[in-house]
Amino acid sequence: MRLTAFSDIALRVLLLTGAAPEGERLTTRAIAEGVGAPYHHVTKTVGRLSGLGLLASSRGRAGGVSITPAGLDASVGALLRELEAGSAMVECEAPGGSCPLDRSCRLRRVLADAREAFFRELDGVRVRELVSGRQSGPVLVSIGLRPPEQPGSTAAAPIP
């Protein structure tokens with residue numbers, strides 16, 4: 001199974017904002033740079049994740065984006081199920097899709113069951129379990145933030 005680009009970007013946004021130092025708000029531009037995705041795609045993704053209550057975003061001088069407690073506790077399976085809803089695995093599932101074998105096709109049901117098994121496998125995985133300061137630290141530094149503190153380390157100095 002292949003995730004849509006939207007879901008891929010959404011997971012990257014959650015991982016990056018989850019690794020940001022607590023209380024730090026990231027601009028959408030910084031997030032786009034950090035996750036390596038086009039600004040307009042990230043803007044749309046942030047809007048959707050905010051609508052789901054997984055991100056908090058505000059405009060203005062002190063505005064920005066941060067992950068919410070619900071975002072950290074979100075089930076990856078449930079999130080992908082929500083974001084991938086309506087994504088066709090095969091043409092016959094797509095609006096206007098056609099297949100000469102469409103009548104009495106069993107493939108569609110088998111693929112739907114396999115997709116659900118994929119999501120079910122991820123239901124027990126929480127976003128917080130995937131957040132890694134070691135992984136995201138260099139990205140945070142590259143967009144002008146200090147890396148998150150690693151457990152057992154001394155506090156990192158802010159980047160000038």
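Tutor: We will go from the overall layout to helix pairs and then to single residues. Keep in mind that this is a predicted model.

Student: Which helices and strands does the protein have, and in what pattern along the sequence?

Tutor: The protein contains eight helices and two strands. Read along the sequence, their pattern is α-α-α-β-β-α-α-α-α-α.

Student: What percentage of the residues is buried?

Tutor: Of the 160 residues in the protein, 34% are buried. As for the surface, the protein exposes about 9,700 Å², and carbon and sulfur atoms supply 54% of that area.

Student: What share of the contacts joins residues 24 or more positions apart?

Tutor: Taking the contacts with a separation of 6 or more, residues 24 or more positions apart account for 63%.

Student: How are two packed helices described?

Tutor: Two packed helices are described by the angle between their axes and by the distance between those axes. Take helix α1 (residues 5–19) and α2: they pack at an angle of about 110 degrees, with axes 10 Å apart. Angles of 65 to 115 degrees count as roughly perpendicular. α1 and α2 are therefore roughly perpendicular to each other.

Student: Which residues meet where α1 packs on α2?

Tutor: From α1 come Arg 12, Val 13, Leu 16 and Thr 17, and they meet Ile 31, Gly 34 and Val 35 in α2. By class, the residues of this contact divide into four nonpolar, two polar and one charged.

Student: At what angle do α2 and α3 cross?

Tutor: The axes of α2 (residues 28–35) and α3 (residues 39–51) cross at roughly 115 degrees and come within 9 Å. α2 and α3 are therefore roughly perpendicular to each other. Their crossing is right-handed. On the α2 side the contact is made by Thr 28, Arg 29, Ile 31, Ala 32 and Val 35, and on the α3 side by Tyr 39, Val 42 and Thr 43. The contact of α2 with α3 has five nonpolar, two polar and one charged residues.

Student: Is α2 largely enclosed or largely open?

Tutor: Six of the eight residues of α2 are buried, so α2 is largely enclosed by the rest of the structure. The buried residues are Thr 28, Ala 30, Ile 31, Ala 32, Gly 34 and Val 35. Just after α2, Gly 36 takes a positive phi of about 70 degrees.

Student: Is Arg 29 buried or exposed?

Tutor: A residue counts as exposed over 50% relative accessible area. Arg 29, which lies in helix α2, has 55% relative accessibility and therefore counts as exposed. Arg 29 also takes part in the contact with α3. Its C-alpha atom is separated by 8.5 Å from that of Thr 43, 14 residues apart along the chain.

Student: How does Ser 50 count by its relative accessibility?

Tutor: Ser 50 lies in helix α3. Its relative accessibility is 22%, so Ser 50 counts as partly exposed. Leaving aside neighbours within four places in sequence, Ser 50 is in contact with Leu 55 and Ser 57. Between the C-alpha atoms of Ser 50 and Gly 71, 21 residues apart along the chain, the separation is 9.3 Å.

Student: For another helix pair, how do α5 and α6 pack?

Tutor: Helix α5 (residues 76–83) and helix α6 (residues 107–122) pack at an angle of about 140 degrees, their axes 6 Å apart. Val 76, Gly 77, Leu 80 and Arg 81 of α5 make this contact with Glu 116, Phe 118, Phe 119, Arg 120 and Leu 122 of α6. The contact of α5 with α6 has five nonpolar, one polar and three charged residues.

Key:
Residues numbered from 1 in each chain as written. Predicted model: local features only at pLDDT ≥ 70, side-chain atom pairs only at ≥ 80, totals over all residues. Heavy atoms only, no water. Axes fitted to C-alpha atoms, helices over the stretch in contact; angles between N-to-C directions. Helix = DSSP H or I, 4+ residues; strand = E, 2+ residues; numbered from the N terminus. Parallel < 35°, antiparallel > 145°, perpendicular 65-115°, else oblique. Left-handed = near helix turned anticlockwise from the far one by under 90°. Contact = heavy atoms within 4.5 Å. Nonpolar A, V, L, I, M, F, W, Y, C, P; charged D, E, K, R; others polar. Buried < 20%, exposed > 50% of the residue type's maximum accessible area, 1.4 Å probe, protein only. Areas by Shrake-Rupley, 256 points an atom, 1.4 Å probe, with all protein chains shown as cover.
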